[in-house]
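Subject: Structure handover

Hello,

My notes on what was found follow below it.

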Amino acid sequence: MTGTAHAPFTADDYRARMERAAREAADAGLAGLLVAPGPDLVWLTGYAPTAITERLTLLVLAAGHDPVLVVPTLEAPDAAKAAGAPALTLRDWTDGKDPYAVTAGLLAAGGRFGISDNAWAMHLLGLQSALPATSYASLTEVLPMLRAVKDAAELELMAAAGAAADQAFEEIRTVRFAGRREREVGADLADLLRRFGHSQVDFTIVASGPNGANPHHEVGDRVIEVGDMVVLDFGGLKDGYGSDTSRTVHVGEPTAEERRVHDLVREAQEAGFRAVRPGVACQEVDRAARAVIADAGYGEYFIHRTGHGIGVTTHEPPYMIEGEERPLVPGMCFSVEPGVYLPGRFGVRIEDIVTVTEDGGRRLNDTTRELVVVD
C-alpha cells in the first residue's frame, strides 16, 4: 500500500452531508429522502451493514428534522459504531413488529420522497401500503448530482486511488502477455490493485485481439498472441473511492494501421480532456472527443459515451454524453474514455479520470498514453 492515510471522515462531515442532502431534497420539491443500504448510505453516514437482508434499514432525511436511521434491533449496536452515528437518531425495531409502521411515523403522509435506486421493492411497496398517499422517485432521477461534486478530502482520496491504478499499470506492462490466457493477466491486474491499496476490485478487462472490439469483454480463455492489440481497463475502490483507467498495449510490434488508430484515440482523448472546464455542458466533452474520431472516418466504431462520473461507486452521474446539458462544476470527477472498435479485428480505448478545476481539468491518471509494446 502506498501514500499517506487520509484522516477518517468525522461525524461533522457526515452531519454536513446529511444537512445538504435534506436541503437539496427540499429545493427539488421533495418531502425528504429515504436511503437504503448501499453507496448513498455509506456516503451520508459511514454505515455499511455487514449483510443486507430482508430486514428494513432506512435513513430518513427531511429539511428541518433530525436525521433518523431505522434499523433492526439486532443491528443497532453496529449502526451506533458508524462514524456518522453521533449526527443522527437511531430508531430500532424488533422482529415481529412492522418496520413500515415505525417508518411511516417519520414521513409526511402525502409527501413525495426520493429513494435510493437500490432500495428493495418489498420495502418500497411496504411503505406505499403503510402510507398510500405517498409517492417516490429514484435518487438518480431527482438528485443526480448529490454525490457528484467532491470536496478537498474526497479529491485527495480520488487522486490516491488513481495513483494506485497507475502503479498497477506500470507493473502489468512488465509481465509476459504472449502465450497466456486473458484471465491470467486479469488475475495479475486484480492482485496488483490490491497490492497498491484497493480493498475492492470491480473489474479487470483484458480484451485481446478481436475481443478488444467488444467494449465490455472482461476476460476469457483466449490465449494472447504476438501481434495482438490488448485493451486493459481496470479499477475498484481504495479507501472507499473509485479508480478506473484504460490503456491499450500491443504484443510485439504493431502495424502502421494499429498505430494510426491508437494515435487517433489518443488525440480524441486529449481533445475530450481539453474541453473540460467549469460551466461547459457535459455533452461538449463527448462532442470534442467524438469529432476527432468522426473526422478521421471512424465515427461508426466509437459506440459508447465518452465518460461517466466516479466517486464512492465506479459508475455514477454525471455522464459525458450527447444530450446531457448539465454544466461541469469544480470538484466533479469523471472518465474521459473514447474508443475505436473494429469488429473481428481489434479495439483501442484510452481512459483517464479527470476532475474539474477552477479553470480547466486535472487528470488523476498519469501513465503514458502512447502505445506500449509488451512481450
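**What was found**

Pro-318 sits in strand S11 (residues 316-320). Helices (H or I, at least four residues) and strands (E, at least two) are DSSP runs, numbered from the N terminus. The peptide bond from Pro-317 to Pro-318 is cis, with omega near 5°.

This is a predicted model, in which local features need pLDDT of at least 70 and side-chain atom pairs count only at pLDDT 80 or more, while totals for chains, interfaces and linings use all residues. Residues are numbered from 1 along each chain as its sequence is written, and side-chain values use heavy atoms, with hydrogens and water left out.

Asp-239 belongs to the loop between S8 and S9. Its relative accessibility is 39%, so it counts as partly exposed. The cut-offs are: buried under 20% relative accessible area, exposed over 50%, partly exposed in between (1.4 Å probe, protein chains only).

Asp-239 also turns up in the largest pocket. The lining has 19 residues, and Val-42, Trp-43, Asp-239, Gly-240 and Val-312 lie nearest the centre. Helix H1 (11-27), helix H2 (39-45) and S7 are the elements that give two or more residues to that lining. H2 has the largest share, three residues. The pocket holds about 360 Å³ of space.

On method: a 1 Å grid is laid over the protein atoms alone; a cavity is a set of points where a 1.4 Å probe fits but cannot get out, a pocket is an open set with protein on both sides within 12 Å along at least five of seven lines, and lining residues have an atom within 4 Å of a point. Grid points are joined across faces, edges and corners, and a volume is the space filled by probe spheres set on the points.

By class, the pocket lining is eleven nonpolar, five polar and three charged residues. Here Ala, Val, Leu, Ile, Met, Phe, Trp, Tyr, Cys and Pro count as nonpolar, Asp, Glu, Lys and Arg as charged, and the others, Gly among them, as polar.

**The cavity**

How many cavities of 30 Å³ or more does a search of the whole structure find? One. The largest cavity has a volume of about 40 Å³. Its lining residues include Phe-169, Arg-247, His-262, Ile-350 and Glu-370. They divide into three nonpolar, three polar and three charged.

**Ser-246**

Ser-246 is in strand S9 (residues 241-251). It is buried, at 0% relative accessible area. Its side chain makes two polar contacts listed here: one with the side chain of Asp-233 at 3.1 Å, and one with the side chain of Glu-351 at 2.6 Å. A polar contact is a pair of N or O atoms within 3.5 Å; within protein, one must be able to donate a hydrogen and the other to accept it, and residues adjacent in sequence count only if both atoms are side-chain atoms.

Leaving aside neighbours within four places in sequence, Ser-246 is in contact (heavy atoms within 4.5 Å) with Leu-232, Asp-233, Arg-349, Ile-350 and Glu-351.

**Asp-228**

Asp-228 lies in the loop between strand S7 (200-208) and strand S8 (229-238). Is it buried or exposed? Buried, with a relative accessible area of 6%. Its side chain reaches the backbone nitrogen of Glu-225 at 2.8 Å. Beyond four places in sequence, the contacts of Asp-228 include Ser-208, Arg-222, Val-249 and His-250.

**Nonpolar cores**

The largest nonpolar core has 37 residues, and Leu-33, Leu-44, Leu-59, Leu-61 and Leu-69 have the most contacts inside it. Such a core is a set of buried Ala, Val, Leu, Ile, Met, Phe, Trp, Tyr and Cys residues joined through side-chain atoms within 4.5 Å. H1 gives the most to this core, with five residues. A second, separate core has 21 residues, including Val-185, Leu-189, Leu-193 and Val-374.

Leu-33 is in contact with Ala-21, Leu-59, Phe-113 and Leu-139, among others, with neighbours within four places left aside.

Best regards
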